[in-house]
Amino acid sequence: MDSNTEDANVPKHGSGRRRDEVMEALRDRIESLEGSKRRIRKVLPFGVPRIDNKLPGGGLAVGALHEVAGGGNGTVDGAAAALFVAGIAARTHGQVLWCITRADLFAPALAQAGLTPDRVIYVEAGDDKAILTCLEEGLRHGGLGAVIGEVARMSMTASRRLQLRAEATGTMGIALRRWRRPADAVDFGQPTAAMTRWRVSVLPSVPLPVPGVGRHRWLVELIRCRAGESADFEVDACDAEGRLHLPADLADGSGAAEGGYGRAAG
Amino acid sequence: MVLVGRQGQRQVIVAADEAAQRQGLRPGMPATTARVLVPALIVQEHDAQADAETLDRIAVWMMQRYAPIVAADPPDGIVLDTSGADHLHGGEGVMLVSIVQRLAASGVRARAVVADTWGAAHAVARFGRRTTVVVSSGGAREAVEGLPIIALRLPADIVSGLRVLGFERISDLLAVPRAPLALRFGPELGRRMDQALGTLAEPIDPVRPEEIVSVRRAFAEPIGAPETITRYIGKLVVALCERLTERGLGAKRVDLLCHRVDNTVQAIRVGTALPVREAKRLGRLLTDKVETIEPGFGIECLSLAATLAEPLAERQAASSLVEESVPDISGLVDVLANQVGESRLYRMAPVASDVPERSVTRVAPMAPMAGATWPEHWPRPSRLLPRPEVIDAMALLPDHPPAWFSWRGVRHRVRHADGPERVFGEWWKGDMEMSAVRDYFQVENDAGERFWIFRAGDGEDAATGSHRWYLHGLFG
């Protein structure tokens, strides 16, 4: 299945292998220019080749900071973004520190995305500054699987500090950007030192032949990716183990057989 | 019932319970008068020694629990220096309520006040109207102005002398020049007034029971630079840990008291989730807070005490080649708890309840892992509103989802819906829930946003609920 999907992504003029090598060499050069000595050694793949191929190293870098925000009304409630992040955290090892300002996260939903309640420690910090301090403290410790902070404003300096801490300890840091008003979300355009930047918006669910709400579907946009290109993906929401799936009616080749959730939906 | 004590040659009432007060008995009344007024009076001898001991015991308990600097304020009070300690208990107001409730649970009726000065807090606690008061910073003068002069902790002869002159309230005293009063009543009156208003410092001499493990270091020259304080904290912590090791204890709460040259005491308190006697970890927690110390003209003595200690046995570190070691995060939990407060750091644990907001509870971050989780077959939203919000909706009764609803002024057309999931009230919680019902629906609008809404009531019987619609959560 892997080879099928890879082929689907590479232009069909026979030079796919060489293009990969060139890209790899270019990435090496960019990294040496950026001055960070360490190569990304560990990544956390999504298990969806179409997404993993777009990310350097074939997955989400573990010792790095990532940014996730919701789209539309999700900039304020961050409901889909929280589940997306929970799915990522569920696939890491060890406990997870989740720093929040508003206590409206509903733990049973996180458990349904694979993040069991025993693994999550919540910190209710008062404001953005306190959240960033807690994030840094969590990343510095090094024994956690992932450190997540729901934060509105994050300056370049603050994100740089977090990124350096994450690199030093190899812990994944995720800034879940969430604002008080939709208008404040223009802040998401400001540059930060995060490795990747994602936006997760809800899409209408897969229609079912009977009345009811089908499997939840998201539009996941990779807005920025250091040493990589941006892209967007239409995926089925996290399953009980925190994995994303390509929708059956969109996946090509054998992917349809594997992710056969929505096929019955027709 | 009254307690009777000796005052000079007379027997007077020291304390009267509620029933006695209803009969018109007041503390200070001669015991013989009281016996005449209420023939069936129960009279007990007042034991001043036992009173003082109990007060000391409560003071020690408060020190272990709330703030590092605590002293008994005889005959009936306890004074705490809460600066730098209240945030660990969720703010000043919350802390006061918790103190009063805990004391009430052990049978002590108490009133609690936070103010800038000992004098003001003392006055408002005894002569204010409410059980708990937080006097805002700088508001000590306004808070005490309206109170009677007896609130100033003056000897009885000064109080009666002032009453003869027509002074009733503290504001009367503040309005007249100081000099004639001082000439007549001596310096005590001016001193008490200044202490209440905060122009004269009043140090608290903290209780330090013998059994608490503590180390101290006095300096020939007062120290002041943060680096110097940090260095000596490092030395003290090592000494403290040695003492703890001798006794086989681990510290759960550590207080650093800085005695300044101007006879005031500043304190830092840190707490840990599990007993600790690692010098490095305790040192880290304390040095995080060094910047909160104001050395003033210098610190002449540092003392470090393990206020709350629990037995801590040496543990053998199991080194296994196969098993992956589980990283110890109690150090991180301690650092965070001292930054944001213990109550703001928690894990969620399931509760066997179908009512969504009751199905989660907070447990301590280092609580043992139960491995329990919620049933997975019902969809649950990732964001649950703090309380359900009323929405306008139009739906077919009894069990259809709404065709549209409007929430926060925005109208949503319902494209797909799932439900109902019926949740019954928990009759054992109260009469209101005897027949209450909620019908939950998952609905999706045109844009694909998914909401969790419910109708109070089953749609047929009005006794089960108001049949109004509420929005309770947002799905991702």
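This is a predicted model: local features need pLDDT of at least 70, side-chain atom pairs count only at pLDDT 80 or more; totals for chains, interfaces and linings use all residues.
**Figure 1. Chain A in outline.** The secondary structure of chain A comprises nine helices and 10 strands. Chain A has 266 residues, of which 47% count as buried. Of the contacts in chain A that link residues at least 6 apart in sequence, 65% connect residues at least 24 apart.

**Figure 2. Strand S8 of chain A is mostly covered.** This strand spans residues 196-203, and eight of its eight residues are buried. In a regular strand, side chains alternate between the two faces of the sheet. In S8(A), A:Thr196, A:Trp198, A:Val200 and A:Val202 point one way. A:Arg197, A:Arg199, A:Ser201 and A:Leu203 point the other way, and all of these residues on either side are buried.

**Figure 3. The strands paired with S8(A) are S3(A) and S9(A).** Strand S3 of chain A (residues 65-70) runs parallel to S8(A), and five bridges join the two. Within this pairing, A:Ala69 has A:Arg199 as its bridge partner in S8(A). Strand S9 of chain A (residues 217-225) runs antiparallel to S8(A) and is joined to it by eight bridges. Here A:Ser201 stands opposite A:Leu219 of S9(A).

**Figure 4. Two helices of chain B pack against each other.** Helix H9 (residues 178-185) and helix H10 (residues 187-197) of chain B have axes 6 Å apart, at an angle of about 130°. Because of this angle, H9(B) is oblique to H10(B). From H9(B), the residues in contact are B:Arg178, B:Leu181, B:Ala182 and B:Phe185; they meet B:Pro187, B:Glu188, B:Leu189 and B:Gly190 of H10(B). By class, the residues of this contact are five nonpolar, one polar and two charged.

**Figure 5. The domains of chain B.** Chain B is divided into domain 1 (2-46), domain 2 (59-197), domain 3 (213-311) and domain 4 (383-474). The centres of domain 2 and domain 4 of chain B, taken over C-alpha atoms, are separated by 51 Å.

**Figure 6. The contact between chain A and chain B.** Chain B contributes 44 residues and chain A contributes 42 residues. Elements of chain B that give two or more residues to the side touching chain A include helix H13 (330-340), strand S12 (345-350) and strand S14 (383-395). S12(B) provides the largest share of that side, six residues. The side of chain B that touches chain A has 23 nonpolar, 10 polar and 11 charged residues. Strand S5 of chain A (residues 120-124) pairs with S12(B) in the antiparallel sense over two bridges. In this pairing, B:Tyr346 of S12(B) is the bridge partner of A:Tyr122.

Technical notes: Residues are numbered from 1 along each chain as its sequence is written. Chains are lettered from A and ligands numbered from 1 in the order in which they are written. Helices (H or I, at least four residues) and strands (E, at least two) are DSSP runs, numbered from the N terminus. A residue is buried if 20 or more other C-beta atoms lie within 10 Å of its own, exposed if 12 or fewer, and partly exposed in between; C-beta atoms are placed from the backbone. Two residues are in contact if their C-beta atoms, placed from the backbone, lie within 7 Å. Axes are lines fitted to C-alpha atoms, for helices over the stretch in contact, and angles run from 0 to 180 degrees between N-to-C directions. Angles under 35 degrees count as roughly parallel, over 145 as roughly antiparallel, 65 to 115 as roughly perpendicular and the rest as oblique. Ala, Val, Leu, Ile, Met, Phe, Trp, Tyr, Cys and Pro count as nonpolar, Asp, Glu, Lys and Arg as charged, and the others, Gly among them, as polar. Domain bounds come from an automatic or database domain assignment. Two strands pair if DSSP finds at least two bridges between them.
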